[in-house]
Structures are given as C-alpha cells and as structure tokens.
Amino acid sequence: MDVAEYYRGLSNSRTEIMAKCIASSEAFAMHTTSHNFLKDYGLMLSVMSGPEKSVFDQACREYQYSLEAIIRGNYRHAFSSLRLSLELFIASVYFSAHLMKLKLWSAGTDDLHWATITDNDKGVFSHAFLGAFNAELGTYRTQYAKLASSVYRECSEYVHGNPITHEDSALNIEFDFDKTIAFHERADTVRLCIIFVFSVRYLSELDGIRLNIIEPVVMDALGTIAEVQGIFGATGK
Amino acid sequence: MSDFFYRTEDIKPEEVGQYFAETSQDRVAVNALKSRNPAIIVGSRGVGKSFLLRIAQKELMDSFDKDRIFPIYVSFVRSSLIQSDDEHQFRNWMLARLCSVAIRSLERAGLLGAVPASIGLLAGSHVDAKIGKTKVEEIASAYEESYKRPTEEIDASAVPSTEDFRDAFEDLSDRLNIERFVFLIDEAAHIFLPEHQRQFFTLFRDLRSHCLTCNAAVYPGVTSFGETFQPTHDASLVHIDRDVLDPRYVENMREIVEKQADSTTQKRIAQNGKNFAILAYACSGNPRILLKTLAAAPSLSSTEINEVMRDHYRTTIWSEHSALAEKYYGHRNVIDWGREFVESTVIPEIKTKNDSYLASDRNTSAYFWIHRDAPEVVKESLRILCYTGVLNEMEAGIRATRSEIGKRYMVNLGCLFAVDASPTTQSFEIAKSLTPKRMTEYGANHPLYKNLLELEARNHSDDSGRHLERQLAKPIQVLDLTVWQKEKLTELELTTVGDVLNATEEQLKLAKYVGDVRARRMRNAAVAAVLEYLSG
C-alpha cells in the first residue's frame with residue numbers, strides 16, 4: 001500500500017468537503033461569521049494586560065483550529081477544539097483572579113478542570129466572582145452559567161461520541177451540512193458566554209479609551225442588558 | 001404582572017417582530033424606510049421610531065437572499081459628545097460611525113471576512129496580506145484617526161471625502177453582489193444642537209447614490225436642515241404620531257400591550273375596558289407612556305387610574321419638561337415659558353370650554369392654533385413641548401378665523417384629563433367627542449408672547465457650542481450621588497463633573513472605604529450626568 005497515496009486521497013476528500021462548504025451560501029456565511037469572531041477576540045485581547053493574556057491567546061489559536069477542522073469536515077475534532085477553546089477562554093478569566101493557579105498550570109503541575117473554573121462557589125460564574133468584579137451583572141449570573149455549561153456539554157457529546165453523534169464514526173468522509181450548522185451555532189453561543197465572562201471581569205477596570213475599543217463587541221452581544229447600556233452610556237431616552 | 005419592555009434597545013433585534021402590532025400607518029412608515037427613496041421618520045420620545053427602524057431592518061434582512069438589499073442600523077445617540085471647533089469633526093465622526101457599523105454588520109452576516117488585528121492566523125502573515133482590507137475599512141480608519149484627535153491639526157486631504165465614502169460602498173456592492181445598502185440612522189440629529197442638525201442633513205443628502213439609501217429617525221423639533229437639504233424633496237417625511245381620532249385607535253394601543261402582557265393583565269384590560277381606554281387616550285399615541293402608566297395601574301381600577309393621571313400627567317411629564325431647562329441652560333426662558341403658557345393658559349381654557357360642551361352634548365376639543373407669524377421663540381418653545389410629548393404637532397397651513405393661516409397643535413390628552421379632580425369621570429367622554437375643528441386660537445401678537453420676547457431680548461446668549469464645557473465644569477453637587485460619596489470625591493480633589501468623568505475607577509478607589517461597586521457608581525453617575533444633560 002502506498003501510504004503517501006492513501007493520505008493524499010484523504011486530503012483530496014477534505015479539499016472536496018471544503019469546496020462544498022464554501023459553495024453552500026448558508027453554511028459559508030455562518031463560517032465567515034464564526035471566523036469574524038476572531039476580530040472580536042483580537043479586540044478583547046488588545047485591552048487585556050495581565051499574565052492571563054497568553055491563555056486567552058492560546059484559546060484563540062485553538063478556536064482557529066476548530067474552524068479549520070470544521071471547514072475540512074473533521075467534525076469531531078472541530079467540536080473538541082471548540083470545547084477546548086471555551087475552556088481556555090474561561091480559564092484565562094479565572095486565572096486573572098488566581099495568579100498562583102496560572103503559574104502552577106503553566107509549569108505543568110496543575111490541571112485545568114472545567115468543574116473548577118466554573119465552580120458554583122469559586123468559579124467565574126460564582127456569586128463571589130461577580131461580587132468582586134461586577135456586581136451589576138449579578139442578575140444574569142445563573143443564566144450565563146447554565147448557557148456555558150449547556151454548550152460545553154453539547155460539544156462534549158461530539159467529543160465522546162455520544163449516541164446522537166454516532167453517525168459521525170461512519171467511514172465515508174463527506175460534507176455534513178447539519179453538523180456544520182450545529183457547530184457554528186455552538187461557536188456563536190461560546191462567543192456570547194466569553195463576552196459575558198469578559199465583561200464581568202474587565203469592564204469595571206477599563207479606562208475610557210479601552211472601553212471605546214471594546215464597546216462594539218460588548219454592545220453587539222449584550223447590548224440589550226440595561227446595565228451594559230449604562231456602562232457604555234448608550235441609554236439615549 | 002407583566003414585565004414590559006419600554007425601550008426598543010432592550011429587545012433583541014431579531015425578536016422585534018414578536019412585539020409588532022402593525023397599523024396601516026406603521027406599514028406606510030416601514031415601507032418608506034425600505035424603499036429606494038430616503039425617508040425621515042419624525043416622532044416624539046417613545047412613539048416607536050427606533051422600533052420601526054428595527055422592523056424595517058428585520059424585514060429587509062429576511063428578504064436579503066432574494067432582494068440583496070442590506071440594512072444597517074446605526075444609532076447616533078452619543079453624537080452630543082463630539083464637540084470641537086473644527087467644523088469637520090462631527091462629519092468625520094458620523095462617517096466613521098457609519099463605516100464601522102456597516103463593516104460590523106456585514107461581518108456578522110457572514111458577508112465580509114474580518115482581519116483580526118492582533119491574533120496570528122494559523123497560516124501566518126501570508127494569508128493576512130491576501131485577505132486585505134476593503135476600501136470601506138481603510139476609510140473608516142482614516143475618519144477615526146481624524147475625530148479621535150480633535151486637538152491635532154488634521155491634514156484635510158488625508159481625510160476621505162463623501163465621494164470616497166460613496167465609491168467605497170459602490171465597490172463593496174459590486175464585490176458582495178449587494179443591490180443596495182440601507183442605512184437606518186436612529187437618534188440622528190440632536191434636538192438642541194442646530195449645528196449638528198445642519199451637518200447631519202447635509203451629509204444625509206450627499207450620501208445618496210444608486211447603491212446607498214439613508215433613512216433617519218428624528219424628533220419633531222429638529223428643523224435646521226442646512227443649506228442643501230430640502231425636506232420633502234430630498235426625503236419623504238413620515239410623521240408617526242398615532243391619531244387618537246382613528247376609530248381603531250384604542251384597539252391598536254391594546255394590541256401593542258397584548259403583545260407583551262400576560263393573561264392576568266389581558267383579563268384586567270377586558271374587564272376594565274373603559275379605564276384602559278382612558279389610559280390609551282391619555283398617552284396620546286405614545287406606547288412607552290401607555291406601558292409605563294399601565295405598569296403603575298396594574299389593576300386598572302378607577303382609584304389607580306386617577307392616581308396615575310395625577311402622578312404622571314400632572315407631575316412627571318412636566319418635571320421632565322422643566323428639567324430640560326437645567327440641561328440646556330441657554331434655552332431656559334423658552335422652556336419655562338412654554339410650560340407656563342400651556343399649563344396656565346391653554347389647558348385651563350380648553351377645560352372650561354370642554355365642561356360647557358359636555359354639558360350641552362357638543363363636540364369637545366384638545367386643540368389650539370398658533371398664527372404662522374407668531375414670534376420664532378414662541379414656535380421654538382412649542383417645538384420643545386412636542387419633543388417632551390406635552391404637545392403633538394398637527395397640520396401646518398390651517399385656516400382659522402378671518403382666513404388667517406397657522407399651525408394646529410394637540411395638547412397631550414393625559415395633561416388635559418389630569419386637571420380634572422377625578423379624571424375617570426369624564427375623560428372617556430371628552431376623548432370620544434373630540435373634533436379638531438374646535439381649536440382655541442392664538443394670533444400673531446397675542447399679549448402672552450410679550451413676556452417671552454422681553455426675557456429673550458435681555459438674555460440672549462449663544463449657547464450652542466459651549467454647553468459641553470459648561471456641563472463638564474459643573475460642580476459634582478449636580479451628580480446623583482449620596483452626600484458621603486460627594487465628600488469622598490472632594491477628598492480626592494475631584495470637584496467638577498469633568499474631573500470625575502476623567503478619573504479611572506482605580507483612582508476613585510484611592511478614597512477610603514470606596515471599593516469596586518462604589519467607584520463604579522460614582523463614575524457612572526458622572527457619565528450618566530453628561531449624557532443625560534446632552535442627549536435629553
């Protein structure tokens with residue numbers, strides 16, 4: 001067997017999938033939108049200044065891997081990378097308040113657990129965390145905690161090969177419109193959760209210039225929340 | 001009890017359709033916004049301008065695949081913060097905002113790919129170079145550079161012209177196969193800044209092209225159109241004040257409420273139809289006020305209605321009006337005189353007449369008429385009353401006694417009902433028998449104008465360019481903060497609104513016992529003060 005030929009064949013199939021995805025206006029519009037979230041993440045990164053920035057950067061990279069995987073039809077990997085990016089994004093915010101844990105994790109002596117960073121009493125959605133950084137958004141705490149945990153679980157279903165994702169294990173490699181759409185819907189939810197957590201942690205300490213930079217991102221996602229409108233002075237009437 | 005949305009900003013854009021109780025007048029407005037010809041929606045606060053813009057946006061987006069017309073909703077609510085001696089600053093700010101919101105909207109719709117500034121794409125710089133920036137993105141950065149540095153001398157030739165702006169959108173329309181871009185500009189021209197109004201309308205006219213349509217929502221008092229813009233020629237003006245004389249008026253207002261109300265509220269409306277109708281008439285076509293007053297009178301009992309009438313239409317609406325005099329100091333005489341004129345002369349006169357009309361079973365009135373040659377300051381004063389919703393501007397060019405020509409106004413029905421000791425007793429009858437034919441007339445030289453003319457002559461100062469500085473220089477006492485918080489600010493030697501606005505929260509936290517929450521509240525109060533004072 002010509003191994004090189006085997007992988008060339010696989011690669012060709014992936015290229016065909018990508019062409020089909022680009023040809024589907026609906027799927028590709030969603031892909032472009034998900035790709036454009038990188039710009040938002042870039043703006044968020046640009047106003048951060050703590051050591052947790054590097055983790056946020058890693059999350060962005062992982063998110064890009066997920067986009068590359070989805071457009072090439074690596075569906076399971078796409079969801080896996082999306083989930084990891086969510087975990088890293090949330091972790092960066094968590095680490096911003098726990099420098100010691102960031103150091104230990106960076107040194108490889110501590111692991112990252114979803115349960116820890118989203119812990120009800122000590123995680124980024126905890127009453128204490130919001131109380132410390134942005135009490136005004138406290139009303140929305142449980143709602144976004146639930147949203148983050150749901151999207152994390154849904155991505156996990158693809159990662160662990162839960163029954164609903166079993167057809168994915170079929171050997172034939174082809175463009176799957178439904179899975180592509182499902183992925184981009186999750187990517188959108190992930191973005192919303194990240195912007196919420198980011199807003200909780202950083203909005204209260206940003207100066208006017210940085211607030212201006214981040215305004216379109218936050219207002220776009222959370223602009224219907226009165227407290228957020230207040231922060232950006234968007235209440236006109 | 002239902003929890004109502006009072007403002008369109010609180011509703012997700014994709015969900016506005018669920019709350020739309022469409023009338024034929026609304027349809028005319030939405031169709032005008034969607035058409036190729038520019039439209040300007042005119043209405044006082046809370047009548048639903050933003051809502052209709054959002055509906056038009058949603059409908060255009062829903063049919064985008066077929067029609068390829070792309071809507072872009074932009075709010076200019078923060079325009080009042082742009083103050084500069086350079087006349088181009090505000091124009092550049094507007095253009096920058098239009099560009100950046102357009103780009104963001106296209107990116108969100110998946111039509112345009114973004115280039116993240118600081119994230120290394122997996123494929124590295126090679127791909128970045130290939131993706132490149134669009135012309136619109138390039139000119140957006142140029143405008144932003146220009147307005148963000150108001151103190152620096154800007155090389156005018158480096159700032160793109162409106163022609164460049166139009167070209168960039170033509171370029172984009174070819175590239176993305178988009179037939180036309182439709183801008184829906186909310187809070188477009190600031191009511192108290194005539195210079196902003198002039199610049200806005202000049203731009204509005206200049207931006208017209210085969211692939212660009214501008215639409216805007218403005219308040220009734222916006223009348224400084226500049227030299228080139230001609231209302232009615234350059235845009236269709238659509239007034240969206242709801243007509244209380246329309247036979248379906250109460251029904252339509254009820255439909256608006258029903259879109260948001262739970263079954264308990266709906267049941268109470270069904271059981272207290274007449275009291276609900278009184279609230280609906282009282283709001284004079286303003287859904288936001290209807291929802292607010294309904295929330296204050298949830299059981300719709302007569303006692304509650306009478307109380308709401310007193311609270312809202314005898315107190316709140318007037319204090320909101322008078323508060324403008326504090327915010328726009330230069331307009332103080334005009335604002336105060338308007339209140340005095342309507343509250344002490346117009347309303348009592350109409351009330352006395354209505355009492356006698358009702359006693360003899362004749363039609364009632366809520367209308368008055370002002371001669372077209374009345375002094376400009378008097379008209380200005382009435383314009384501000386329209387902005388606050390105390391008056392509704394009706395038809396211009398109406399003939400009154402001796403064939404004299406003038407403009408008809410309607411007094412907010414709630415204000416009229418509220419002067420009655422028990423509003424529920426005869427408000428409904430007044431509303432049902434209204435006719436615009438009965439109107440109290442005020443001629444070109446009514447003796448009441450004299451007082452205002454004298455005051456204005458004595459105190460004529462040009463306020464327009466300097467009120468931001470004056471606001472920023474105000475002492476912190478004007479802020480909505482506790483005495484203790486103000487003491488803390490004084491300790492930090494932050495004595496003016498501007499000082500607090502410029503301080504970071506970290507600086508505020510240097511005061512003893514001031515933590516995150518208090519620092520935030522203190523700074524928010526300063527931001528709110530400035531914005532409230534400026535945008536009304």
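**Figure 1. The open five-stranded sheet of chain B in the predicted model.** In this predicted model, chain B contains an open sheet whose five strands follow the order β2-β3-β4-β1-β5, with parallel pairing. The edges are formed by β2 (69–75) and β5 (236–239) of chain B, each of which pairs on one side only. From one strand to the next, the twist averages 15°. Strands of a sheet pair through backbone hydrogen bonds, in either a parallel or an antiparallel manner. The chain that carries this sheet has 23 helices and 10 strands, and buried residues account for 43% of its 536 residues. Among the contacts in chain B with a separation of 6 or more, 74% are between residues 24 or more positions apart.

**Figure 2. Close-up of the β1–β5 pairing of chain B and of the helix packed on the sheet.** Strand β1 (residues 39–42) of chain B and β5(B) run parallel and are joined by four bridges. Within this pair, Ile40(B) stands opposite Leu237(B), a residue of β5(B). Helix α1 (residues 24–34) of chain B packs on the sheet, where it touches β1, β3 (180–186), β4 (212–218) and β5 of chain B, and the direction of α1 makes about 150° with that of β5(B).

Figure 3. Strand β2(B) is largely enclosed by the rest of the structure, because five of its seven residues are buried. Seven bridges link β2(B) with β3(B), and the two strands run parallel; one of the paired positions is Ile72(B), whose bridge partner in β3(B) is Phe183(B). Arg68(B) is placed in the loop between α3 (64–67) and β2 of chain B. Although Arg68(B) is not a glycine, it has a positive phi of about 55°. Arg68(B) has 13 C-beta neighbours inside 10 Å and therefore counts as partly exposed.

**Figure 4. Close-up of a second residue with positive phi, Glu493 of chain B.** Most residues other than glycine have a negative phi. Glu493(B), which is not a glycine, has a positive phi near 60°, and its place is in the loop between α20 (483–491) and α21 (497–502) of chain B. Because 7 other C-beta atoms lie within 10 Å, Glu493(B) is exposed.

**Figure 5. Close-up of the packing of helices α9 and α12 in chain B.** Helix α9 (residues 249–258) of chain B packs against helix α12 (residues 287–296) of chain B at an angle of about 65°, and their axes are 11 Å apart. This angle makes α9(B) roughly perpendicular to α12(B), and α9(B) passes α12(B) in a right-handed crossing. On the side of α9(B) the contact is made by Met253(B), Ile256(B) and Val257(B), which meet Pro287(B), Leu290(B), Leu291(B) and Leu294(B) of α12(B). Classified by residue type, the contact of α9(B) with α12(B) comprises seven nonpolar residues, with no polar and no charged ones.

Figure 6. Arg332(B) belongs to helix α14 (residues 332–359) of chain B. This arginine is partly exposed, since 17 other C-beta atoms lie within 10 Å. Ser322(B) is 10 residues away from Arg332(B) in sequence, and the two are 8.6 Å apart in space, C-alpha to C-alpha.

**Figure 7. Close-up of the packing of helices α3 and α4 in chain A.** The axes of helix α3 (residues 53–71) of chain A and helix α4 (residues 75–96) of chain A come within 8 Å of each other and cross at roughly 165°. With that angle, α3(A) and α4(A) are therefore roughly antiparallel to each other, and α3(A) passes α4(A) in a left-handed crossing. The contacting residues of α3(A) include Val55(A), Phe56(A), Ala59(A), Glu62(A), Tyr63(A) and Ile70(A), while those of α4(A) include Tyr75(A), His77(A), Leu82(A), Leu88(A), Phe89(A) and Phe95(A). The residues of this contact between α3(A) and α4(A) divide into 15 nonpolar, six polar and one charged.

**Figure 8. Close-up of the loop at Gly223 of chain A.** Gly223(A) lies in the loop between α10 (208–222) and α11 (226–231) of chain A. It counts as partly exposed because it has 18 C-beta neighbours inside 10 Å. When neighbours within four places in sequence are left aside, Gly223(A) is in contact with Val228(A) and Gln229(A).

Terms used
Residues numbered from 1 in each chain as written. Chains lettered and ligands numbered in written order. Predicted model: local features only at pLDDT ≥ 70, side-chain atom pairs only at ≥ 80, totals over all residues. Axes fitted to C-alpha atoms, helices over the stretch in contact; angles between N-to-C directions. Parallel < 35°, antiparallel > 145°, perpendicular 65-115°, else oblique. Left-handed = near helix turned anticlockwise from the far one by under 90°. Contact = placed C-beta atoms within 7 Å. Nonpolar A, V, L, I, M, F, W, Y, C, P; charged D, E, K, R; others polar. Pairing = 2+ DSSP bridges. Buried ≥ 20, exposed ≤ 12 C-beta atoms within 10 Å, placed from the backbone.
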